[in-house]
Amino acid sequence: MGRCKVKYVIDRIENDIAILEGLETRKIINVSLSKLPKNVLESDVLNFENGKYVLDEKTKLERLEIIRRKMDKLRK
């Protein structure tokens, strides 16, 4: 039986700590960069599953597209 997948977005990085926000829960957690994939950036989306953080490029691109559409609407 697999564990439930939780999605986080990297809100910001301070020194060697990433501040993550749960996409569904909005809960903020601090995670050492050493526990994350190499070269993560602010706004990257991560899945936490089976005790491991994995980049979720598809969800990140979907979120960026939603933001782009909202910005386009605001500019009109």
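The accessible surface of this chain comes to about 6000 Å², and 52% of that area belongs to carbon and sulfur atoms. Accessible areas here follow the Shrake-Rupley method with a 1.4 Å probe, and for residues only the protein chains shown count as cover.

A word on the model: it is predicted, so local features need pLDDT of at least 70, side-chain atom pairs count only at pLDDT 80 or more, and totals for chains, interfaces and linings use all residues. Residues are numbered from 1 along each chain as its sequence is written, and side-chain values use heavy atoms, leaving out hydrogens and water.

Now to the fold. Helices (H or I, at least four residues) and strands (E, at least two) are DSSP runs, numbered from the N terminus.

Here are some values for the whole chain:

| Property | Value |
|---|---|
| Box around the C-alpha atoms, along the principal axes | roughly 45 × 35 × 20 Å |
| Buried residues (under 20% relative accessible area) | 28% of the 76 residues |
| Contacts (heavy atoms within 4.5 Å) joining residues at least 24 apart, among those at least 6 apart in sequence | 36% |

Let's finish at helix α1 (residues 57-75), where L74 has its place. Is L74 buried or exposed? L74 counts as exposed because its relative accessibility is 67%, and exposed means over 50%, with a 1.4 Å probe and protein chains only.
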